[in-house]
Amino acid sequence: MGVTHHGRTHRLDLADPTLREWECTVLAADPEQGIVLDRSAFYPGGGGQPPDHGVLLWQGVQTRIVGTRKGDDLYLIPAEGDPVPPAGTTVTGAVADDRRTMLMRTHSGLHVLCGVVFRDFGALVTGGNMEPGEARMDFNLPEVPPDFKSRIEELVNAEVAADRSVAVRVLPRAEALALPDIIRTQSNLIPPDEQEVRIVDIVGLDVQADGGTHVASTAQIGKVQVVKVESKGRANRRVRVRLAD
């Protein structure tokens, strides 16, 4: 396990989030259990980011991929009724570009939101979720200024317009955890047996541990609309956002 492999699968998605098509070999396949590839650019889901969709192309046949299942291996879930390539088959994998790109924009937009709220309001994240183009993030924020919704929308879009670089690096666990404020959630979600930690740095704004896919700079996120701010308990505030098309 880690940032380069999950079980027998070499993860291409984290090495190059712009990769959409590649050649690979089927290591195991079952209509119920799923398909294991030796190399995969399908993001398997995690950290609030849902898994990729796409297809496997082989011998003139198409297998639609509609999700993933994590176990000792990464299992790609085929669409019900689609043929499954047998083990040993060479296939072309292809990630659905529109969905992945929108998820990358959305995920990076959440990091900008997180960075702004932490910097300007000192609040940690208590939860979050995203779909392509829309998302929510919860913060431990007991006191909310009257103009909070309009202020964070303005501040987030100023950081988007600043076109900050989004850099990714991998550090040994001890070195990563020594970085100040690297964990932006109230509880440390890094598995205790994970010896390497992937760091996503929106340069000059936000540095945190993260395992998802991101755009290369904040300008690629596009305009962010803060749709709603809700109270979810005495100190918990939910911020709902949407991206412009």
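**Notebook: helix pair and strands**

I looked up the crossing of α1 and α2 and found it right-handed (the near helix is turned clockwise from the far one by less than a right angle). I am working with a predicted model, where local features need pLDDT of at least 70, side-chain atom pairs count only at pLDDT 80 or more, and totals for chains, interfaces and linings use all residues. Numbering starts from 1 along each chain as its sequence is written, and side-chain values use heavy atoms, without hydrogens and water.

I read α1 as residues 97–121 and α2 as residues 148–161, packed at about 120° with axes 9 Å apart. Helices are DSSP runs of H or I with at least four residues, strands runs of E with at least two. The axes are lines fitted to C-alpha atoms over the stretch in contact, with angles from 0 to 180 degrees between N-to-C directions.

I listed the contact (heavy atoms within 4.5 Å): α1 gives residues including Val 112 and Phe 121, and α2 residues including Phe 148 and Glu 159.

Next I looked up β16, residues 236–243. Six of its eight residues are buried, so β16 is largely enclosed by the rest of the structure (buried means under 20% relative accessible area, 1.4 Å probe, protein chains only). β16 pairs antiparallel with β11 (residues 134–140) over seven bridges; pairing needs at least two DSSP bridges. Seven bridges also join β15 (residues 224–231) to β16, again antiparallel. I noted Arg 242 as bridge partner of Glu 134 and of Gln 225.

Methods:
Buried means under 20% relative accessible area, exposed over 50%, partly exposed in between (1.4 Å probe, protein chains only).
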